[in-house]
Amino acid sequence: MSGCRSVPQQIGAQTVQLAYAPMASIEDFQPVQPIRRPRQHLGSGCFRLLLRAAVGFFGGAAVVIAALFVLNALFPPPRLNILLLGLDQRPGETSAARADTMILATIDPDGPYAGILSIPRDLWVTLPDGSPNRINTAHFYAEAASPGTGPEAALKTVTSNFGLTLDRYLRIDFEGFVTIIDSVGGITVNVESPIVDYEYPDAQYGYEVLTFEAGEQHMDGERALQYARTRHGSSDFGRAKRQQAILAALGRRLLQPDAWPRLPLLYLAIQSSVDTNLTPLEIIRVLPTLIAVGPDGIDWRVIEGAMVQPYTTTGGASVQMPVWEQINPALLEMFGE
């Protein structure tokens, strides 16, 4: 072979010229390097934007909460008392409803302290108009007469009978309760003893058999509502304790990191389901106290036992007569009043 010639060769998508020389050795040959495409990184594109947004959101939230802790330590906000009202109202109902769940909540940043006191729905008290009746009827009668006035009537009834400083309320119905529990992916509740309810009211105004096995179990919104509402097979006081167990389970759920990405869903659920006269600033200022106390540090109590006396009214209704000599010391311990 005389001289040198170039032979075109196809390597991948690139055409190169390979030169052949008469005296070339294998050490002189330099192979053509393949074309390297840029490596796709997981942090690129939309994923990187989402990652930055998540870090920004939770990082910003952490900074805000830390700042609130410092602010509360320097300038503690006043104690906040709230009346929680759970309405006996099915989806689609628009008529006046009884407030079958009534819970007094107190949050004292100066403690820090948080307390929950459940009021029996059959507690016999004096309504704002001066007539004696069950405490849960105050909301119903006011709403029936003038829609939207139920919370104010319930507040007046509690303050006049219990002697507490109370002007904030939070009201929710069955559908809102289910929406909030589902927004955080459900809750885990420890059912202390088996429950069999042969007359649980269903959505069609009939009855069904409802059962709960004992032990820890995950509940979605509908199942948690059943656990909160059932009363047959146990007393109304047991029902109040189950409602408190659900509140505690919801608090524990919100402290779990895997629930934090769901906080925007929870916010939307609260916005669409809760009626309250609490201001955003009041809610924000008590958050550090609730975090510091934690669900297991809350003072959970029910008006029961020696605090009430079974009573039959002249109309034959079975109610609970309050024993104020037993209730007042608990109010003083929890609310300072």
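Residues are numbered from 1 along each chain as its sequence is written, and side-chain values use heavy atoms, with hydrogens and water left out. Since the model is predicted, local features need pLDDT of at least 70 and side-chain atom pairs count only at pLDDT 80 or more, while totals for chains, interfaces and linings use all residues.

The chain holds 9 helices and 16 strands, where helices (H or I, at least four residues) and strands (E, at least two) are DSSP runs numbered from the N terminus. Of its 337 residues, 39% count as buried; here buried means under 20% relative accessible area, exposed over 50% and partly exposed in between, with a 1.4 Å probe and protein chains only. The accessible surface of the chain comes to about 19500 Å², as given by the Shrake-Rupley method with a 1.4 Å probe, with only the protein chains shown counting as cover for residues. Carbon and sulfur atoms account for 58% of that surface.

In soluble globular proteins, nonpolar side chains tend to be buried together. A nonpolar core is taken here as a set of buried Ala, Val, Leu, Ile, Met, Phe, Trp, Tyr and Cys residues joined through side-chain atoms within 4.5 Å. The largest such core has 32 residues, and Leu83, Met102, Leu104, Ile119, Val158 and Phe162 have the most contacts inside it. Two or more residues come from each of strand 3, strand 4, strand 5 (113-119), helix 3 (150-162), helix 6 (236-254) and helix 9 (324-335). Helix 9 gives the most, with 5 residues. Apart from this core lies another, of 25 residues, including Phe174, Val184, Tyr200 and Ala224. Valine 158, one of the residues with the most contacts inside the largest core, touches Leu83, Met102, Leu104, Ile119, Ile135, Gly163 and Leu166 when residues up to four places away in sequence are not counted.

Two helix pairs can be followed in detail. Helix 4 (residues 174-183) and helix 7 (residues 263-273) pack at an angle of about 175°, with their axes 8 Å apart. Axes are lines fitted to C-alpha atoms, for helices over the stretch in contact, and angles run from 0 to 180 degrees between N-to-C directions. The two helices are therefore roughly antiparallel to each other, a term for angles over 145 degrees. On the helix 4 side, Gly176, Thr179, Ile180 and Ser183 meet Leu265, Leu266, Ala269, Ile270 and Ser273 of helix 7. Leucine 268 is also placed in helix 7, and at 53% relative accessibility this leucine counts as exposed. Its C-alpha atom is separated by 9.7 Å from that of threonine 179, 89 residues apart along the chain.

In the second pair, the axes of helix 5 and helix 6 come within 7 Å and cross at roughly 150°, which makes helix 5 roughly antiparallel to helix 6. Here Ala224, Tyr227, Ala228 and Arg229 in helix 5 meet Arg239, Arg242, Gln243 and Ile246 in helix 6.

With a salt bridge defined as a side-chain nitrogen of Lys or Arg within 4 Å of a carboxyl oxygen of Asp or Glu, the count comes to 17. Aspartate 88 and arginine 229 form one of them (3.9 Å, N to O). Aspartate 88 lies in the loop between strand 3 (80-87) and strand 4 (99-108) and arginine 229 in helix 5 (residues 221-229), so the pair ties together parts that are 141 residues apart in sequence. Both aspartate 88 and arginine 229 are buried.

Arginine 171 and aspartate 275 form another salt bridge, with the closest N and O atoms 2.7 Å apart. This pair joins strand 8 (residues 168-172) to strand 13 (residues 275-276), the two residues being 104 residues apart. Arginine 171 is buried, at 14% relative accessible area, whereas aspartate 275 is partly exposed, at 26%. Arginine 253 and aspartate 258 form a further salt bridge, at 3.1 Å between the closest N and O atoms; arginine 253 is buried, at 11%, and aspartate 258 is exposed, at 51%. Through shared partners, salt bridges also join Asp88, Arg98, Asp100, Arg121, Arg229, Asp236 and Arg239 into one network.

Note on methods:
Contact = heavy atoms within 4.5 Å. Parallel < 35°, antiparallel > 145°, perpendicular 65-115°, else oblique.
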